[in-house]
Every structure is written in C-alpha cells, then in structure tokens.
Amino acid sequence: MRAWKERVAAFFFPTESDAWLAILRIGLALQIILYVLSLRNDWHYLLAGGAEALASRDLSEKILSLESPLIPRLGWLVALGSRFGLPEATILTITWTCLLLAGLGLLIGLFSRFSAIVAWFIHLGAAKSGGVLSYGVDNFMTIGLFYLMLSPLPDQYSLDQRWRKLRPKDGQLLGFFQRVLQLHLSVIYFFGGLTKCLGSGWWDGTNIWRALIRPPSHIVAPELLLHWKALLPIAGISICLLETGYPFFIWHKRTRKIWLACICAMHVAIGLTMGMYLFAFIMIVLNIAAFGPELGLAPSEKLVRATLS
C-alpha cells in the first residue's frame, strides 16, 4: 500500500524544471498577440451589442446567463464603464488594448501572473460574448491561459525573475501542473479520436473532403483534391489513429518524439490547408509545452539573456 502511494505521488508530483512553463508563457503570448491583431478591424463589429454587430453580444450573453450567471463576459465591463459615462465603443477599445498589453507582458515575462489573469479574463469574456462566432481555438486558448495563470509563475526565463530575483520554484509543484496539462491533452485527443472512429466519414475520407471544400476553409483547389482523392481515406484513418493512440504512445520515451512530431505535423497541415493558423499554433504550443521539454525543446538560455538584456 505504501509503495502504491509513493508511485502515485511520484507520477503526479515529478520534479521538473520550469522550461515547459516558459514555452507555455511565450507561446500563449504570441498566440494572444496574433489573435488580437487579427481582430483589430473587426473587434467592435463582432462584439458590440445591438443591431450594428454581426451577431448581437446582448443575445449571446442572455443565452450565456441561462447556463451560468458567473461566466465572465464583456457585458460586465461595458456595464462598469457606463457607470463612469464611458460609451460601449470606448470600453471595447480598452479591452482590445488591455488584451494586447497582456500578451506583450507575457511575451517578455513582465508582471507574468497579472498579465495571465487579465488575458484569461478578457479572452474568455470575448469568446463567451461572441457566442456562435467562437470555435476551437478559443476553447484551447482558454485552457492554456487557465493553466498558465494558476501555475507557479514567474519562470526563470522571464523578466520578472531577473528583475525581482525570486527564489526558484518548487520542482514538484512545477511537475504537478505539467502533469495535469499532459493528462488533459491525453483525454482530449483520445476522446476526439474515438469520436472520429465511430463515424464512417473519417474512414472513407468524406469528412476531410467536406472540411476542405467548405467556405471559408476552401484553400485547396477542388481539382487538386479530386486528383489526390485516394489519399483522403489514408489521411482520415491516420488522424483517427494519431488522436486515439495519443495517450498510449506520447507517454513512452521511445515513441514520444515520433508521436509529438506527427501530432504537430497534423496541426501544421490543418493550418495550411484550412487556413486555421491560430488553431494550429495553439495546439502545437500546448503539445510542446506538455511533452517537448523532455525531448530538449526548451528556450535557449543565451537567446533569452540576449533578448532581455
């Protein structure tokens, strides 16, 4: 019994460095900056209330209130700003700017935890207030930011650490948060792959065909898809096997490198063929943060020093 408890403790609380946390922080910072800049011209149009918006934020937030009144939303900030006489457009501009500044703060590691909390709150509020306009990338950004703001920041590569000269973080606590992220990804990929396996569309390639020809993801010419249509079932089956096998092969050191490389290659292909660049990037960041440091994929100390000096 005692040996069993020790094994469980060793699994959930391994001693790890904060290299994975640095990858997660920098990766999410780049993701936030790219996300904010991509929406700079449409932020008001997508998130405004009333008839001037593409999909009224007021309607989305009313539906959201039926799920839970505690889920963050931009309506809270708009209501707060109205108490000080600030119009909705000004509040939306401020939230966009704050999200960009939070991303920049995370990138250099300045006020890391505060920046992570601000980024998580504003992004989650925007994603939930956007309602039907949000998709997978928003969910995974929320997951990543949630883990980041709870993790033992700052990491050794951050400006906070070099400025404040803090004591190194507990290696077991760092290992615990990395382990939870690893388990979370394993569950996501396994059940995502299992769901794909239960349908025929992934085995015969029809789901890939539909995904590649459906606007706005129709980047690859239909003529080219028809020419290589024999590869669609192979691609569909490969995706099913990669995702379903993720929790079985990513944990073993002998197969971790090849499985991580294949998963990242799969997301690169999704980004290039469907235009889902931000989705591809966030998935690669989460995977490398979770399993990359043990393969030597960690920030360069010399590069970080040169950047922060």
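Me: Why does Arg-256 count as buried?
Reply: This is a predicted model, so the value is computed from predicted coordinates. Arg-256 has 6% relative accessibility. Buried means under 20%. Therefore Arg-256 counts as buried.

Me: Where does Arg-256 lie, and what is it in contact with?
Reply: Arg-256 lies in helix 15, residues 253-274. Leaving aside neighbours within four places in sequence, its contacts are Phe-249, Ile-250, Trp-251, Phe-291, Glu-294 and Leu-295.

Me: What polar atom lies 2.9 Å from the side chain of Arg-256?
Reply: The backbone oxygen of Trp-251 lies 2.9 Å from a polar atom of that side chain. The cut-off for a polar contact is 3.5 Å.

Me: What puts the buried residues of helix 15 on the same side?
Reply: The buried residues are Arg-256, Trp-259, Leu-260, Ile-263, Cys-264, Met-266, His-267, Ile-270, Gly-271 and Met-274. They cover an arc of only 150° around the axis, which puts them on the same side of helix 15. An α-helix has 3.6 residues a turn, so residues three or four places apart point the same way.

Me: Which exposed residues does the face turned away from the buried side carry?
Reply: That face of helix 15 carries Arg-254, Lys-257 and Leu-272.

Me: What do the buried residues of helix 15 pack against?
Reply: They pack against helix 10 (171-197), helix 11 (206-213), helix 13 (231-244), helix 14 (246-249) and helix 16 (277-291).

Me: How do you know what span to expect for helix 15?
Reply: Helix 15 has 22 residues. The expected span is 1.5 Å times one less than that number. The expected value is 32 Å, and helix 15 reaches 32 Å from its first C-alpha to its last. Gly-275 follows helix 15, with a positive phi near 75°.

Me: How many aromatic pairs are there?
Reply: The count comes to 14 aromatic pairs. One of them joins Phe-111 and Trp-163.

Me: What makes Phe-111 and Trp-163 an edge-to-face pair?
Reply: Their ring centres are 5.9 Å apart, and the cut-off for a pair is 6.5 Å. Over 60 counts as edge-to-face. The pair links distant parts of the chain, 52 residues apart. Phe-111 is in the loop between helix 6 (88-108) and helix 7 (112-130), while Trp-163 is in helix 9 (residues 159-164).

Me: Why is Phe-111 called partly exposed, and why is Trp-163 called exposed?
Reply: Exposed means over 50%, buried under 20%, and partly exposed in between. Phe-111 has 45% relative accessibility, so it counts as partly exposed. Trp-163 has 52%, so it counts as exposed.

Me: What is the phi of Phe-111?
Reply: Phe-111 has a positive phi of about 50°, although it is not a glycine.

Me: What joins Leu-153 and Pro-154?
Reply: A cis peptide bond joins them, with omega about -5°. Pro-154 is found in the loop between helix 8 (136-150) and helix 9.

Me: Which residues do ring pairs link into a cluster?
Reply: The cluster holds Phe-11, Phe-12, Tyr-189, Tyr-246, Trp-251 and Phe-291.

Me: What lies over the face of Phe-11?
Reply: Arg-179 does, at 4.6 Å from the ring centre. The distance cut-off is 6 Å. The charged end of Lys-196 likewise sits over the ring of Trp-202, 5.3 Å from its centre.

Conventions:
Residues numbered from 1 in each chain as written. Predicted model: local features only at pLDDT ≥ 70, side-chain atom pairs only at ≥ 80, totals over all residues. Heavy atoms only, no water. Helix = DSSP H or I, 4+ residues; strand = E, 2+ residues; numbered from the N terminus. Buried < 20%, exposed > 50% of the residue type's maximum accessible area, 1.4 Å probe, protein only. Polar contact = N/O pair within 3.5 Å; in protein donor to acceptor, adjacent residues only side chain to side chain. Contact = heavy atoms within 4.5 Å. Phe/Tyr/Trp six-rings, centres within 6.5 Å; stacked < 30°, edge-to-face > 60°. Lys NZ or Arg CZ within 6 Å of the ring centre and 35° of its normal. Arc of directions from axis to C-beta.
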